[in-house]
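This report describes a structure for a reader who is new to such models. Please look over the sequence and the three-dimensional view before reading on.

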Amino acid sequence: MTVVKTSVRNFLAHKGRMALSAVAVLLSVAFVSGTLVFTDTMNTTFDKLFASTSSDVTVSPKGAAAADEMPSQTGKPESLPASVVARVEKSPGVKSAEGAVSSMSVTVVDSENENVGASSGAPTIAGNWTRNDLRSMEITSGHAPRGPTEVMVDADTADKHGLKLGDELRTIVVTGDIKAKIVGIATFKVTNPGATILYFDTETAQRGLLGETGRFTQINVVAGQGVSDTQLKTDLAGSLDGAYKLQTQKEMTDSGRESVGSFLDVMKYAMLGFAGIAFLVGIFLIVNTFSMLVAQRTREIGLMRAIGSSRKQVNRSVLLEAVLLGVVGSIAGVAAGVGLAVGLMKLMSAIGMELSTQDLTVKWTTPAVGLALGVIVTVLAAYIPARRAGKISPMAALRDAGTPADGRAGRIRGTIGLLLTAGGVAALLTATQAEKASEGSLFLGLGVVFTLIGFVVVGPLLAGFFVRVLSLFVLRAWGPVGRMAERNALRNPRRTGATGAALMIGLALVACLSVVGSSMVASATDELDKSVGADFIIQSSSGQPIVPQAQKALEAAPHTSHITEYKSIEAKLTTPDGKTVSEDLAAADSTYAQDLRRETVAGELSAAYGKDAMSVGDTFAEEHGVKVGDVLTVAFKGGETGKLKVAAITSDDVSVDKGAKYLSIATAERYLSAERLPKNILMFAAADDGKEKEAYAALKDSLAPYPQYKVQDQTDFKQDLKDQIGQLLNIVYGLLGLAIIVAVLGVVNTLALSVVERTREIGLLRAIGLSRRQLRRMIRLESVVIALFGALLGLGLGMGWGTAAQKILALEGLGVLEIPWPTIGGVFVASAFVGLFAALVPAFRAGRMNVLNAIATD
Amino acid sequence: MTTAVTIPKHGGTGGRLAVAARARQVVKAYGSGETRIVALDHVDVDIARGQFTAIMGPSGSGKSTLMHCLAGLDTVTSGEIYLDETEITKLKDKKLTQLRRDRIGFIFQAYNLLPTLNALENITLPMDIAGRKPDRQWLQRVVETVGLADRLKHRPTQLSGGQQQRVAVARALAARPEIIFGDEPTGNLDSRAGAEVLNFLRRSVDELGQTMVMVTHDPVAASYADRVLYLADGRIVDEMRNPTAEQVLDRMKNFDARGRTS
């Protein structure tokens, strides 16, 4: 019991010294629980949405796309004949059945040609207004659409784009443009995370979205009284002879959740990964805190041992303090996590994804996981200091221990660290020599882990060296104050090492990713320069295929020498070795061979655009033993099966169109009906010589009514690529920010505790004439040196990792290594400022210390 | 009883005051109301230049407080303190820090040295902080006087307690301060090491003309001084010139006895 009492009292007595450790635990736990709450809330929202939009049983054609899939390549969804509705109605247990039309292959623009469709990845859906829709929505103004010139829109979209009754919308679909006035606005009764919904009357929807009347994309079936959904499904399966896909409400919800969920899972695990890094960094902070607390209490612990406490009791009492710290930090962290989730939801609505706090879901597992993680990590981190506390001899009570300068970093430690580092470096070198990317990445992973642990272990030794070197450049300018700062940073290399290592982890990842990112940009740019012959690329920003009316407009643009169509076609290939695989084929005009120059391993690429010919990539060819002249059996999806001769084998040593299998559109047309032939997913254009500018302007003009497509010249395209990678990197840097914040807290913590520890020294210095300003400067310089030490290690390590990663990715076409020196240099300089910032409070407090009290402190 | 202000304000030391520091009607009180404790009660004192003054008194007599106030480490509640002709009771922290740095030397009971600096660096620290170059010749003389020439590169942890205090003495002397304050400088040393340090202090007064003020409760330490001031209940109650250890001890016993009977 006394153990508990002393632990609690110690914890309370030193709560100020534990505060930053608690904050570190809090931040990490908040990130974890915030992620869990946020993703759970998203799941709740989608569950409610899918449950309210699905009828008891839904009948749809086999092969119909799931809720989240890309818009269909043909521009039209799969459909079934209207006659099925009557058959369903006659089936036992059916109360009512209603045909519905809905399509995601739509783009909606207002009178100014501004896209009013959903952004942030949510779909834009057009359909007919049915009784089933009444379950999830209600008409809040106007009325349901009647006739071909009327449309109803959802209230969120209307709000977002300032649409009113009477405004005209143009809906761009593969069959042409539908111009209609808004006659109604319907509001969701549940949260709609961001989809734009349009309603037409049934005939308009059928004509526009499916190209013909008398067809539906699905039938919503309502069960009669006392008939369960599964019973109804079984009955319907009998009545329809299994010709259609049947899904109960639960199955619809589940399949919706699965598709949304897999995206959410990726996000969840990515964010938990970053939380894990923050925890890892937090461990260093906690280790330092407890080490310092134990060191400061050496005498007290010695006394406890002298009067009869066992090692175990001392050990346990320190661990108990860690448990208390973990519990306090985690509880606050879980609460902060809920706040974080709410903040994240607000942020999401700012970028167009509506989430309602009404759906806020906190499962019991969230606080449980948060608390468990927080406590376990804290106790693990405190374990080594606790053991050290247990080893304190009773003699410590008698000795005038003070705070001895622990200069010995340990030879064993150094050896282990160097061995680990050497092993890691060897693994990284092996990785760069690997012939297969999978093998390389295994070694890369090993190398990263070993060099990281090695650096952490050897950190205290490196601290001695680097601090001396850094102070040669940075500190010496400050004279005796700089020298004292240097000595202070060197005084306890283990502490400096751990503090720097915490910063090292975050910055190593930043450096590594920035190297990979800029190498990606450089490699892609390099390849584009070498291989792309087209002047312009036309593509959709939302994955929508290019509709014929837009294509016509493009083709009418002046000053172009040629325009290339490019389609992606699904097919099953049977190779000479007898295997059948599903592959996407690239059907293009033969001019594509000029637009994208490809090296061939065998055969001529132009021959692949001949009748019933195609090309394959060399990886595929090797895998299936395909040679030029071999004949592949190609079963086109939704079309017939043909035999195509392999006329060329292209090199896969590229990143654009890697492994593409080319054939001409004319060949594809032989096996696919016009209805089934996918629309263009990309188009390329070349300008007449010397007319590049005019052609660019003309192409842009031609697409003005179609804002979902963009024309880019090579410069735009490269910039776009750079922006996309830059954006991705910024998100990752933002998430790594958490780990870096924790590391900065670690620097603050070390400094603050050092100031407490050195109270007497500071008092002496002040007594013999060190001014406040000099004292503050001394602490700031120490902080800067620790931060720069961490930055140097981290950036060095990260650049090593990044370079090794690039060497492996070179096998996947990432041929150019580019180290982003401005970023690296910027981070290094920024860490100096981080150091200054971290020293603000400790320096201020040291400056305010009363000289006499400082001298008198025991 | 007597006042300690007995030395003429102007002496024969080249026009400078014969008094290195003086306190006038100094009061130092802590707390207020019923919990008010008066540590110094209207103290007047003059510290003679070029002399070794010891301040004695029982625990709680205010001897350390007096020294802290004289040295500009602590503020006074009322009254004035002068170092030479500077009224230090009027100075703000920044000026006071400079004054301590440039004109005062300190020797504390323990923790006198920075563990990260070697002996020589510790000795020159006040001048380094001030950005002044130490006077080489003087430094050498000081180092020789305290007998540390062969230990200059050692860290404090590699030195004995007596050696550490000698480094502290050297540090105080090296900057040629107007006055050196010692707060029980031999309190943590055994009698032999203590005698060594006190001899150095005595020699620095005799040979280098240093003004020295030392707080102590050890009659033997006090016997090295030219003059001993006795403090009790925040007042100077007596003084003695050219004391011997026996005289000081007798006087102390006397106080104790009186303290008990009165």
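## Report on the two chains

According to an unreviewed UniProt entry, the feature "domain: MacB-like periplasmic core" lies at residues 19-236 and 499-697 of chain A. Over residues 499-697 of chain A, 33% of the chain is helix and 32% is strand. The C-alpha atoms at the ends of residues 499-697 of chain A are 56 Å apart.

The model is predicted, and the confidence of the predictor is therefore reported here before the contacts. For the complex, the predictor gives an ipTM of 0.81 and a pTM of 0.82. The table sets out the values for each chain.

| Chain | Mean pLDDT | Residues with pLDDT of at least 70 |
|---|---|---|
| Chain A | 87 | 97% |
| Chain B | 83 | 90% |

Within chain B, the pLDDT is below 50 over residues 6-15, a stretch that has 13 contacts in the model beyond near neighbours in sequence. Chain A also has such a stretch: over its residues 401-407 the pLDDT stays under 50, and the model has 11 contacts for them beyond four places in sequence. Among the elements of chain A, strand β8 (residues 150-154) has the highest confidence, at a mean of 94. The lowest is found in helix α25 (residues 851-856) of chain A, with a mean of 72.

## Where the chains meet

The contact between the chains draws 20 residues from chain A and 25 residues from chain B. On the side of chain B that touches chain A, α2 (93-103) and α3 of chain B each supply at least two residues. The greatest contribution to this side comes from α2(B), with 7 residues. By type, the residues of chain B on this side comprise 11 nonpolar, 7 polar and 7 charged.

## A pair of helices in chain B

Helix α3 (residues 119-130) of chain B also packs against another helix of chain B. Its axis and that of helix α5 (residues 161-174) of chain B come within 8 Å and cross at roughly 30 degrees. Because angles under 35 degrees count as roughly parallel, α3(B) is roughly parallel to α5(B). The crossing of α3(B) past α5(B) is right-handed.

Which residues of α5(B) does α3(B) meet? They are Val167(B), Ala170(B), Arg171(B) and Ala174(B). From α3(B), the residues in this contact are Ala119(B), Asn122(B), Ile123(B), Thr124(B), Leu125(B), Pro126(B) and Met127(B). The residues of the contact of α3(B) with α5(B) comprise 8 nonpolar, 2 polar and 1 charged.

Note on methods:
Residues are numbered from 1 along each chain as its sequence is written. Chains are lettered from A and ligands numbered from 1 in the order in which they are written. This is a predicted model: local features need pLDDT of at least 70, side-chain atom pairs count only at pLDDT 80 or more; totals for chains, interfaces and linings use all residues. Axes are lines fitted to C-alpha atoms, for helices over the stretch in contact, and angles run from 0 to 180 degrees between N-to-C directions. Helices (H or I, at least four residues) and strands (E, at least two) are DSSP runs, numbered from the N terminus. Angles under 35 degrees count as roughly parallel, over 145 as roughly antiparallel, 65 to 115 as roughly perpendicular and the rest as oblique. A crossing is left-handed if the near helix is turned anticlockwise from the far one by less than a right angle, and right-handed if clockwise. Two residues are in contact if their C-beta atoms, placed from the backbone, lie within 7 Å. Ala, Val, Leu, Ile, Met, Phe, Trp, Tyr, Cys and Pro count as nonpolar, Asp, Glu, Lys and Arg as charged, and the others, Gly among them, as polar. pLDDT is the predictor's confidence in each residue, from 0 to 100. UniProt positions are given in the numbering used here, feature names are shortened, and annotations may be inferred rather than shown by experiment.
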